[in-house]
Amino acid sequence: MRLKSILKTSALPLLLASSFTQAQMLDIEISNLTHGMFFTPLLVSSHGESLHLFESGETASDELKILAEGGDTTSLSVATTALGAINLENPAAGVLAPSASVAITDFDTMSNDRLSIAAMLLPTNDGFVGLDSWAIPETAGTYTIYLNAYDAGSEVNNELVLDGSGAVGTLGIPANPGANGGSAGTGVTTTESNEMIHIHRGNVGDTNNMGGVSDVDSRIHRWLNPVAKVVVTVK
Amino acid sequence: MNVKKYMAMGLSLALATSMTACSDSDNDNDKNDKKSSSKNDTYEYQVTVTNITHNQPFSPLAVVLHDNSETLWALGEASTTSLEILAESGNAMPLLDDADLAGAYDTELGDGVVPPGEMVTLDIESDAYDEMSLSVVSMLVNTNDAFTGKQGIDVSALEIGDSLQMNLPVYDAGTEANNELAGSIPGPADGGVGYSDVRDDTNVVSMHPGVVSMADGYTDSVLDSSHRFDSPVAKLVITRTQ
């Protein structure tokens, strides 16, 4: 996350020059397109063009790690609010189940002209669905965006469900809300070679609910991109 | 050829021929309210779907021309029985019957399976209406209940000779667990049972997670590495020809 970049003096006049003369009012519908993956509470953020919740190819911020490894939006919301973001946390009032949708009405972005979204994917170690700084159109209308699944690159994808592993630095998948996986796996891998934010390679899983290499089910907990559909109505 | 005609052909070639002869007017009576006052032309579209999977034959392609309100499925909602039959067995005829009942302008069904690497082209036509939407759908037959398609493509603004091209994703009907077990997959990978009215999966339509296959450690699967796929699985080209 380039939180610091918004503080660059050069960014300020650029922001002012490109900011809207009027507040933008948005309706946003977010759909989980997957067959078996849950989204943790969503962070929906409007902000200026220099701010990013995450960027592919960059290292995850500490705040993003907290979201991607444990599903907690609080730190990222607080940090970005301090930099001018207007955030909406947890619009679905809990997890967004596979194939479920949540509708947000009248999200007032004020003069912020970018939209970002992030939520952890469960069950994964540090996978998340993300929208990185989408330019909010000035023209009223309905716009559809499809989101991919990312890997924060901050935790080894061992695919083992372990209570308490939502804490940053504690290895494991904190929960499987569908309760449809396994346990007592030996671990898919012990290394994470790409420590930058990247497109998630997907869960491996297995079909052994009492052992095997993984605690997730290969028939249920895989996905193909895109994993989310976002319909934004600019009013 | 719409579904009624397709079914009639099986019974009687003479009957099918006579129905084809009057096909230009068979949908007129109940659609006058949606007709454009300024257009009286026939609209005809050439629809081509190319199978770009490695080894997932497509069931005979179904194409529907309809108004903007008609839908064949909805993400996050339960499949209709006719969509379940299509997604589990590849038989699109009940789905097209439903589409006809819902007021489709025209429905078309391909003659046969579309093998990987090959394409199918169907022509579909209608009198002129203000709302002109096109939907396509087909099963990936070496799966439990995967289908590809796109619905509600607005073709009303296409001029004669204009084309639209897009890639198609792969959906999961959510009606049959993706167990990949012998006897459960109708395609040549298995030759198993197609449709069963048992619903033992999520019971909502979602994007498909892909198949696992025996090559990826699922030893009970009848699928091998050749049956794996990623999205997109098909290329769609729509050209207005009249």
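This is a predicted model: local features need pLDDT of at least 70, side-chain atom pairs count only at pLDDT 80 or more; totals for chains, interfaces and linings use all residues.
**Contact between the chains**

Chain A brings 17 residues to the contact, and chain B brings 19 residues. On the side of chain A that touches chain B, nine residues are polar, five are nonpolar and three are charged.

**Nonpolar cores**

In soluble globular proteins, nonpolar side chains tend to be buried together. Here the largest nonpolar core holds 93 residues. F128(A) and A62(B) have the most contacts inside this core. Strand β6 of chain A, residues 114-122, gives the most to this core: seven residues. A second core is separate and has seven residues, among them I185(B), A189(B), V212(B) and L223(B).

What does F128(A) touch, leaving aside residues up to four places away in sequence? Its partners are L67(A), A68(A), A118(A), A119(A), M120(A), L121(A), Y150(A) and A152(A).

**Helix α3 of chain B**

Helix α3(B) spans residues 81-89 and is mostly covered. Seven of its nine residues are buried. They are S82(B), L83(B), E84(B), I85(B), L86(B), A87(B) and E88(B). Which elements of chain B do the buried residues of α3(B) pack against? The table names them.

| Element packed against α3(B) | Residues |
|---|---|
| α4 of chain B | 93-101 |
| β5 of chain B | 133-139 |
| β6 of chain B | 146-154 |

G90(B) follows α3(B). The phi of G90(B) is positive, near 90°.

Conventions:
Residues are numbered from 1 along each chain as its sequence is written. Chains are lettered from A and ligands numbered from 1 in the order in which they are written. Two residues are in contact if their C-beta atoms, placed from the backbone, lie within 7 Å. Ala, Val, Leu, Ile, Met, Phe, Trp, Tyr, Cys and Pro count as nonpolar, Asp, Glu, Lys and Arg as charged, and the others, Gly among them, as polar. A nonpolar core is a set of buried Ala, Val, Leu, Ile, Met, Phe, Trp, Tyr and Cys residues joined through C-beta atoms within 7 Å. A residue is buried if 20 or more other C-beta atoms lie within 10 Å of its own, exposed if 12 or fewer, and partly exposed in between; C-beta atoms are placed from the backbone. Helices (H or I, at least four residues) and strands (E, at least two) are DSSP runs, numbered from the N terminus.
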